[in-house]
Amino acid sequence: MANFNTLNYRTAASSVSIKGEHNSIREYITSYRVVVMIITFLCILAVDFRIFPRRYAKTETYGTSLMDLGVGSFVLANALVSRQARNITSVNWKTAIVSISPLITLGFLRLVTTTGVDYQVHFSEYGVHWNFFFTLAAVSILTSFVNVPPRYSGIFGLLVLVVYQFCLIHGLNAYLLSNERGMDIISQNKEGIHSIFGYWGMYLVGVQLGNYLIFGSHSSGLRSTRWVQMRVWILSIVFWLLTVFLDKHVERISRRTCNLPYVTSVLADNLQLLSILMLGDLIPGSKTSVLEEALNRNLLATFLLANILTGLVNLSVDTLSASSITALSILLVYAYILSTVIGTADYFGVKLKFW
């Protein structure tokens with residue numbers, strides 16, 4: 001499985017790097033994925049302290065904030081370099097089931113631990129029992145079973161998103177954003193289960209973008225950095241314009257339902273970030289550090305460890321009453337421990353893989 005995982009770029013790098021350029025496309029993608037992860041693991045703990053500006057916290061229904069981008073960015077960052085984007089033949093259904101079992105296990109472990117220690121969970125985010133790991137597993141299995149060629153995955157993903165958005169504006173959004181829940185498992189986890197279609201559509205679009213920008217064929221057989229830079233900037237502008245239009249005339253952006261405007265906003269934000277990183281060509285020298293490589297090769301492991309450390313901090317410290325100095329000190333130690341563990345694991349060749 002390569003849907004939601006750290007990916008070793010050593011093999012793929014040869015197909016996307018150009019000799020003589022300051023930085024290969026691989027290095028920019030690496031930096032982009034690591035930046036997304038660093039922002040994510042810092043925010044998931046920082047938000048529990050009073051020093052974290054509330055305007056950056058997740059919105060309840062409609063609107064945008066920094067933390068609203070986290071889940072979508074994680075999905076997109078993995079889609080861009082997935083097996084599907086590299087046009088690698090999909091695995092059979094038995095292998096796919098086995099490959100997602102660790103994600104399902106992590107989902108149940110999170111459910112059991114948060115319930116067992118009475119950890120504060122916002123049910124409005126995914127539901128009573130659902131969590132992000134279940135969403136990753138669901139999108140992964142859908143992508144494995146519905147085998148769409150990368151050059152058509154964006155069109156298919158857009159079709160999924162449009163149909164899902166049609167259902168949202170015709171009553172589904174009112175149901176998902178209401179506080180009413182039935183006793184059945186679907187109603188108990190309505191946000192997490194229905195938003196799968198939004199994340200799946202986003203993932204499929206990301207697959208085609210990755211294939212088109214990074215791994216696809218070109219006249220020379222390679223993607224030059226300048227070629228990619230221009231198209232990333234253009235696509236970013238297009239998605240921003242589309243987001244403004246959809247937010248104004250279709251439905252406001254909602255991470256909770258993962259609607260079409262949310263998907264286009266995630267695409268616009270992430271492509272803009274990637275395009276800014278690509279301006280690094282103006283500065284000579286390599287931009288990829290050893291720690292970046294380590295985090296990039298263990299992206300999901302980093303996210304998992306960050307969640308564990310965040311839970312431990314919340315169980316041992318009253319974060320809401322912590323002073324600014326205390327909060328900053330905890331965040332620095334947290335980041336240091338996370339970087340050290342992942343860096344050490346990478347040094348010894350330990351990688352958390354799910355395929």
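In which loop is Cys258 found? Cys258 lies in the loop between α10 and α11, in a model that is predicted rather than determined by experiment. Phi of this residue is near 50°, a positive value in a residue other than glycine. Cys258 is buried, with a relative accessible area of 0%; buried denotes under 20% relative accessible area, exposed over 50% and partly exposed in between, with a 1.4 Å probe and protein chains only.

Local features of this predicted model need pLDDT of at least 70 and side-chain atom pairs count only at pLDDT 80 or more, while totals for chains, interfaces and linings use all residues. Residues are numbered from 1 along each chain as its sequence is written, and side-chain values use heavy atoms, with hydrogens and water left out.

The secondary structure of the protein chain consists of 14 helices and zero strands. Helices (H or I, at least four residues) and strands (E, at least two) are DSSP runs, numbered from the N terminus. Of the 355 residues in the chain, 53% are buried. Among contacts (heavy atoms within 4.5 Å) between residues at least 6 apart in sequence, 82% join residues at least 24 apart.

Helix α2 has 22 residues and reaches 32 Å from its first C-alpha to its last, close to the 32 Å expected at 1.5 Å a residue; the expected span is 1.5 Å times one less than the number of residues. Because 18 of its 22 residues are buried, α2 is largely enclosed by the rest of the structure. Helix α14 (residues 324–347) has 24 residues and reaches 34 Å between its first and last C-alpha, close to the expected 34 Å. Its buried residues include Ala327, Leu331, Tyr334 and Asp346. The buried residues of α14 pack against α2 (25–46), α12 (290–297) and α13 (299–316). Gly349, which follows α14, has a positive phi, near 75°.

The largest nonpolar core has 89 residues, and those with the most contacts inside it are Phe74, Phe132, Tyr199, Met202, Leu209 and Tyr334. Such a core is a set of buried Ala, Val, Leu, Ile, Met, Phe, Trp, Tyr and Cys residues joined through side-chain atoms within 4.5 Å. Not counting residues up to four places away in sequence, Leu209 touches Leu80, Ile214, Leu235, Phe239, Leu267 and Leu271. Gly210 is found in helix α9 and counts as buried, at 0% relative accessibility. Beyond its neighbours within four places in sequence, Gly210 is in contact with Leu80, Ala85 and Phe215. The C-alpha atoms of Gly210 and Arg86 are separated by 7.8 Å, although the two residues are 124 apart along the chain.

The second largest pocket has a volume of about 400 Å³. Of the 22 residues that line this pocket, the closest to its centre are Gly154, Val205, Gln208, Leu209 and Phe239. A pocket is an open set of points on a 1 Å grid over the protein atoms alone, where a 1.4 Å probe fits and protein lies on both sides within 12 Å along at least five of seven lines; lining residues have an atom within 4 Å of a point. The elements that give two or more residues to the lining are α7 (150–177), α9 (190–215), α10 (225–249) and α11 (260–277). The largest share, six residues, comes from α7. By class, the lining has 14 nonpolar, six polar and two charged residues.

Terms used:
Grid points are joined across faces, edges and corners, and a volume is the space filled by probe spheres set on the points. Ala, Val, Leu, Ile, Met, Phe, Trp, Tyr, Cys and Pro count as nonpolar, Asp, Glu, Lys and Arg as charged, and the others, Gly among them, as polar.
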